[in-house]
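These are my notebook entries on one protein chain. I set down what I looked up, entry by entry.

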Amino acid sequence: MFSPMSVAERIQPLDPAYFKQAQAHLDTQTKPPGSLGTLEHIACRLAAIRQGSPQADPARIYTCAGDHGVAGQSVSLFPQEVTRQMVENFMRGGAAINVLTRTAGVDLKVADAGCLGGGFPDHPDLVQCKTAPGTADFTTGPAMTRQQCLQALENGVNLARQAHADGIITLGTGEMGIANTTPATALFCAYLGLSPASITGPGTGLSERGVQHKVRVIENALDLHAQTISSADPVDILAALGGFEIATLAGMILGGASLRMALVIDGFISTSAFVAAHAICPLTREYAFFSHASAEPGFKAVMDALKASPLLQLGLRLGEGTGAAMAIFLLRCAANIYNEMATFDTAGVHSGA
């Protein structure tokens with residue numbers, strides 16, 4: 001039987017010596033020390049991940065799709081059929097994530113992690129790894145069995161391994177799933193000790209009354225699964241409250257970190273997958289870049305709990321991996337600055353030091 005801990009055991013901490021070496025090189029370049037700010041921090045982290053010169057390419061985003069039983073509790077303005085329709089839109093190249101990955105020069109694959117219905121027609125950019133056709137309603141029982149959760153985690157690890165075999169060195173996360181802000185919020189509450197009232201947002205555009213209903217749904221689920229949450233078993237918590245696409249992304253994060261890949265985490269839903277992976281292995285944090293500040297009102301509290309700072313502030317709340325696509329371009333900028341910018345010596349410029 002698959003064990004996420006067997007993957008976690010292969011995740012190694014980054015060596016601080018690479019950060020120091022990288023910063024020393026950056027300080028020789030034709031600019032005041034530290035003047036490129038966050039780009040310099042990114043370059044140093046990429047250097048530590050790569051154990052040498054920083055690189056960001058080739059990069060790939062996996063947009064994982066799944067449906068949720070809790071959608072039956074009226075927590076989304078959109079019907080569940082939209083999940084499947086959007087997967088078909090991804091395959092036609094017509095969604096925002098298609099446009100942004102094309103623009104950023106990032107490879108895109110879509111994974112059916114748990115959509116309602118049968119398989120999709122074969123497509124070269126589609127990975128068919130459906131654990132089951134949608135989760136159960138977590139207000140009446142666990143969203144997944146433990147075995148289903150382990151299968152979804154393993155599927156995600158396999159996505160990372162396939163990307164690595166394809167020569168990919170940077171992985172971005174993306175998702176699609178009607179109602180998935182509800183399980184994501186529940187996971188933040190369970191793993192980080194946050195309250196539903198403080199972090200529940202409108203998702204697809206719920207009214208204030210709709211948000212309050214969503215809060216009650218999440219509170220009911222947390223009460224139902226209180227014993228599981230108190231056990232602090234990260235897989236059991238993920239099985240009780242998560243989704244197939246969230247668990248698949250959590251596995252992909254674990255797998256990517258075990259293979260020393262840079263991980264670019266998209267917005268609200270993808271960050272819940274990161275929190276699950278982090279609960280299994282805290283070292284995943286060292287490989288993760290948070291792409292953007294989601295416009296979901298609870299996201300700031302999540303970032304504060306993680307002591308993390310997202311790279312972009314663009315008011316995004318779409319998901320799909322859209323923020324990750326743009327953030328990967330920033331990683332490329334950081335790597336190229338490090339590798340291509342002249343030093344004071346090579347440029348014949350006097351540093352004044």
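Predicted model: local features only at pLDDT ≥ 70, side-chain atom pairs only at ≥ 80, totals over all residues.

I began with the annotation: UniProt positions are given in the numbering used here, feature names are shortened, and annotations may be inferred rather than shown by experiment. I noted that residues are numbered from 1 along each chain as its sequence is written.

**Entry 1: the annotated site**

I found that the UniProt record, an unreviewed entry, places the feature "active site" at E320. I located E320 in the loop between α14 (299-306) and α15; helices (H or I, at least four residues) and strands (E, at least two) are DSSP runs, numbered from the N terminus.

Is E320 buried or exposed? I read a relative accessible area of 3% for E320, so this residue is buried. The term buried means under 20% relative accessible area, exposed means over 50%, and partly exposed lies in between (1.4 Å probe, protein chains only).

I then listed the contacts of E320, where contact means heavy atoms within 4.5 Å. Leaving aside neighbours within four places in sequence, E320 touches residues including I61, T63, M86, F90, E175 and D266. I97 is also in contact with E320, and the backbone nitrogen of I97 lies 3.2 Å from a polar atom of the E320 side chain.

**Entry 2: salt bridges**

I applied this rule: a salt bridge is a side-chain nitrogen of Lys or Arg within 4 Å of a carboxyl oxygen of Asp or Glu. By this rule I recorded nine salt bridges.

I looked up D57 and R332, whose side chains meet in a salt bridge of 2.7 Å, N to O. The two residues are 275 residues apart, with D57 in the loop between α3 (37-50) and β1 (59-66) and R332 in helix α15 (residues 322-340). D57 is partly exposed at 32% relative accessibility, whereas R332 is buried at 16%.

I next took R60 and D166, with their closest N and O atoms 3.1 Å apart in a salt bridge. R60 is in strand β1 and D166 is in the loop between α6 (146-165) and β4 (170-176), 106 residues apart. I noted R60 as buried, with 6% relative accessible area, and D166 as partly exposed at 41%.

I also checked D236 and R146, which form a salt bridge with the closest N and O atoms 2.6 Å apart. This pair links helix α11 (residues 234-241), which holds D236, to helix α6, which holds R146, across 90 residues. D236 is partly exposed at 27%, and R146 is partly exposed at 39%. I recorded one network, in which salt bridges that share partners join R60, D107 and D166.

**Entry 3: helix α3**

At what angle do the axes of α3 and α15 cross? I found that they come within 8 Å and cross at roughly 80°; axes are lines fitted to C-alpha atoms, for helices over the stretch in contact, and angles run from 0 to 180 degrees between N-to-C directions. Therefore α3 is roughly perpendicular to α15, a term for angles of 65 to 115 degrees, with under 35 counted as roughly parallel, over 145 as roughly antiparallel and the rest as oblique. I saw that L39, I42, A43 and L46 in α3 meet residues of α15, among them L330, L331 and Y338.

I ended with E40 in helix α3, which is buried at 2% relative accessibility. The backbone nitrogen of S35 lies 3.2 Å from a polar atom of the E40 side chain.

Methods
Heavy atoms only, no water. Polar contact = N/O pair within 3.5 Å; in protein donor to acceptor, adjacent residues only side chain to side chain.
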